[in-house]
Amino acid sequence: MHAADALSFEQLDVGREWVSGARRITASDIQVFNNLTGDDSPTHEDAADVPPDQRTARGLFGPAVATGLALDTPPVRTIAFLSIRDWRFVGPIAAGDEVRIRNRVESVTPRGVGRRGEVAWRVEIVNQREEIVQAGLIVSLVEGQAIARRTRRAAGTD
């Protein structure tokens with residue numbers, strides 16, 4: 001169930017932007033992600049002279065962290081994750097970096113006769129030096145106000 005203050009797609013104005021809190025990336029975060037995904041492809045960082053705390057993240061680590069940071073940036077009545085589009089890997093995300101996201105509504109397209117909407121979010125992952133390290137569109141399906149009201153009434157909170 002969504003938080004009472006979670007936004008419906010009708011409340012998401014194109015161009016509106018939010019910035020998340022920061023998250024410090026650890027060497028353990030990177031290693032756990034690599035283990036989870038099975039991505040053990042060798043890189044230049046696998047050399048014995050590169051300490052684990054100076055390694056960088058691989059693959060889809062950035063979008064995975066971005067979706068976690070976006071959870072409350074803003075709180076939205078998300079039904080489903082639909083796609084990632086035009087994702088760019090501009091720079092590394094390294095152990096010790098502190099990242100946050102800038103999340104901007106790029107487009108809102110009503111679906112299901114207004115019961116839900118497809119929302120395209122322009123997401124930028126920014127490090128502690130204000131450098132964009134990854135960016136792209138993340139598209140999600142978001143409940144409409146009519147569904148949100150019906151859900152709250154059924155739960156007895158309206």
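The model is predicted: local features need pLDDT of at least 70, side-chain atom pairs count only at pLDDT 80 or more, and totals for chains, interfaces and linings use all residues. Residues are numbered from 1 along each chain as its sequence is written, and side-chain values use heavy atoms, with hydrogens and water left out.

Side chains of opposite charge can pair when their charged atoms come close. Here a salt bridge means a side-chain nitrogen of Lys or Arg within 4 Å of a carboxyl oxygen of Asp or Glu. The count by this rule is 11 salt bridges.

Select Glu-124 and Arg-102. They form a salt bridge, with 2.8 Å between the closest N and O atoms. Glu-124 is in strand E5 (residues 116-126) and Arg-102 in strand E4 (residues 98-111), so the pair ties together parts that are 22 residues apart in sequence. Strands are DSSP runs of at least two residues, numbered from the N terminus. Is Glu-124 buried or exposed? Its relative accessibility is 16%, so Glu-124 counts as buried (buried is under 20% relative accessible area, exposed over 50%, partly exposed in between, with a 1.4 Å probe and protein chains only).

Glu-130 sits in the loop between E5 and strand E6 (132-143), so its pairing with Arg-102 in strand E4 ties together parts 28 residues apart in sequence. Glu-130 is partly exposed, at 47% relative accessibility.

Finally, select Glu-118 and Arg-111, whose side chains form a salt bridge at 3.6 Å, N to O. Arg-111 has a relative accessible area of 37% and is partly exposed.

Notes
Helices (H or I, at least four residues) and strands (E, at least two) are DSSP runs, numbered from the N terminus.
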